[in-house]
Amino acid sequence: MPVFTTDVLIVGAGPVGLTAAIVLTQAGHDVTVVDRQAEGTNTSRAAVVHPHTLELLEPYDVVDELVARGVHTPTFAIRDRDDLLIAVPFSDLPTRYPYTLMISQADTEAFLLNRLEQLGGKVLRPATVTEIRQTGDHATATFADGQQIRARYVIGADGMHSTVREHAGIAFSGGTYGEAFTLADVRLSGGVPADEVILYFSPAGLVVVAPLPDGMYRIVATVDEAPQHPDIAFVQSLLDERGPAAEPAVVEEVVWGSRFRVHHRVADAFRDNRILLAGDAAHVHSPAGGQGMNLGIEDAVLLGQCLSDVLRGADDGLLDEYAVNRRRTAHGVVSMTSRLTELATASARRRPIRNRVMRLAGKLPAVRRSLAWRLSGLNRR
């Protein structure tokens, strides 16, 4: 069987893999994208796109469609039931996108895939990598059907259980939160605003409520045991226990739901010779603050730009800089989201002190501004 050759092989066709492919293809490089799924995602999963991510995507002609489709939420609020602790305003940020954009991951992937196809690219699927071998100047991936692809570089964008990372022998250090997470896209009535992303703190655990297009809301919550398919009664019990009390939110319909465990892990290295990691293959963390997909897309843009320079003859030490810098950034985000999660799940004894400190801090413009910069990603410009 002949060996197919390409400049860059990208394993994984989620937002991270598609973004890297767009950056490299638009720059004129030969890119092959493979994915083990027979088709792209049709569920919403990650739903937050922050301002810095939109800025990074601007040169690649996908932002206008994303912005037109998504819900613009200019405020990120942290509450304890009806008690506002901190309101983080994005509206004053020096960016063309002074808001959090709420949009289904299915829509994000569809827009990215459409742009890649406009550039002449495509995704080969289903294609399962079974082995990757490296030499000094290339890596060869073998697939379940025996086909082989030889590439100058391989990008592992294949998620937390990354085959690419495993074959590179890179450890994934960290741990797992004790709680499970439940996720649901629902239709609500009642006391939840349509222009805020709200993180509700509670001794029972956190719950995030955020608007989505088409009149829906995203619910994410920590629970001891999450059902595989949360129903109306389950989601309603979460909001009754943790959400607004003066004007309760009423769940009218559960459109889609799932469950997952959250890990806090960072790969021990983001590069091994011809193999590079990006997105969840390189780092995973709590969903608090909606950082996950944003950090991954940021990886993809920066890695794509570095690889483009190297393929044109620049010193491949640029890739070492990518690996070191992105690993440092990932540790910072994991630390921030872990602190948010710990604050959200404070014990009943610590809750009054936490609330008092956060309420006082929330009155300081410098604190609100700092949080807005960090959550929006603009501090990583």
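Residues are numbered from 1 along each chain as its sequence is written, and side-chain values use heavy atoms, with hydrogens and water left out. As the model is predicted, local features need pLDDT of at least 70 and side-chain atom pairs count only at pLDDT 80 or more, while totals for chains, interfaces and linings use all residues.

The protein chain splits into domain 1 (3-47 + 104-171 + 268-341) and domain 2 (177-262 + 344-380), with bounds that come from an automatic or database domain assignment. Taken over C-alpha atoms, the centres of domain 1 and domain 2 sit 30 Å apart. Domain 1 puts 21 residues into the contact and domain 2 puts in 16 residues, where contact means heavy atoms within 4.5 Å.

Next come the spaces. Rolling a probe the size of a water molecule over the atoms shows where empty space is left. Here the search runs on a 1 Å grid over the protein atoms alone: a cavity is a set of points where a 1.4 Å probe fits but cannot get out, a pocket is an open set with protein on both sides within 12 Å along at least five of seven lines, and lining residues have an atom within 4 Å of a point. Grid points are joined across faces, edges and corners, and a volume is the space filled by probe spheres set on the points.

The second largest pocket holds about 200 Å³ of space. Its lining is made up of Ile78, Ile86, Met336, Arg339, Leu340, Leu343, Met358, Leu371 and Arg374. Two elements give two or more residues to this lining, helix H8 (317-344) and helix H10 (365-376); helices (H or I, at least four residues) and strands (E, at least two) are DSSP runs, numbered from the N terminus. H8 gives the most to the lining of the second largest pocket, at 4 residues. Sorted by class, that lining has 7 nonpolar, no polar and 2 charged residues. The classes are simple: Ala, Val, Leu, Ile, Met, Phe, Trp, Tyr, Cys and Pro count as nonpolar, Asp, Glu, Lys and Arg as charged, and the others, Gly among them, as polar. Because domain 1 and domain 2 both give residues to its lining, the second largest pocket lies between them.

As for cavities, the count comes to 1 of 30 Å³ or more, and the largest cavity has a volume of about 30 Å³. Around the largest cavity are His50, His52, Thr53, Gln291, Asn294, Glu298, Leu375, Ser376, Gly377 and Arg380. Helix H2 (51-57), helix H7 (292-311) and H10 are the elements that give two or more residues to this lining. By class, the lining of the largest cavity has 1 nonpolar, 7 polar and 2 charged residues. Both domain 1 and domain 2 give residues to the lining of the largest cavity, so it lies between them.

On to single residues. Thr341 lies in helix H8 and is buried, with a relative accessible area of 3%; buried means under 20% relative accessible area, exposed over 50% and partly exposed in between (1.4 Å probe, protein chains only). Leaving aside neighbours within four places in sequence, Thr341 is in contact with Tyr177, Leu206, Ser286 and Ala288.

With neighbours within four places in sequence set aside, Ser308 touches Leu24, Ala27 and His29. Gln236 lies in helix H6 (residues 232-242) and is buried at 17%. The side chain of Gln236 reaches the backbone nitrogen of Val251 at 2.7 Å. Lys363, by contrast, is exposed, with a relative accessible area of 59%, and lies in the loop between helix H9 (351-362) and H10.

Finally, the backbone. Most residues other than glycine have a negative phi, and most peptide bonds are trans. A cis peptide bond joins Arg125 and Pro126, with omega about -10 degrees; Pro126 is in the loop between strand E8 (123-124) and strand E9 (129-134). Asp61, in the loop between H2 and helix H3 (63-69), has a positive phi near 60 degrees. Asp214 has a positive phi of about 65 degrees and is found in the loop between strand E14 (207-212) and strand E15 (216-223).

Technical notes. A polar contact is a pair of N or O atoms within 3.5 Å; within protein, one must be able to donate a hydrogen and the other to accept it, and residues adjacent in sequence count only if both atoms are side-chain atoms.
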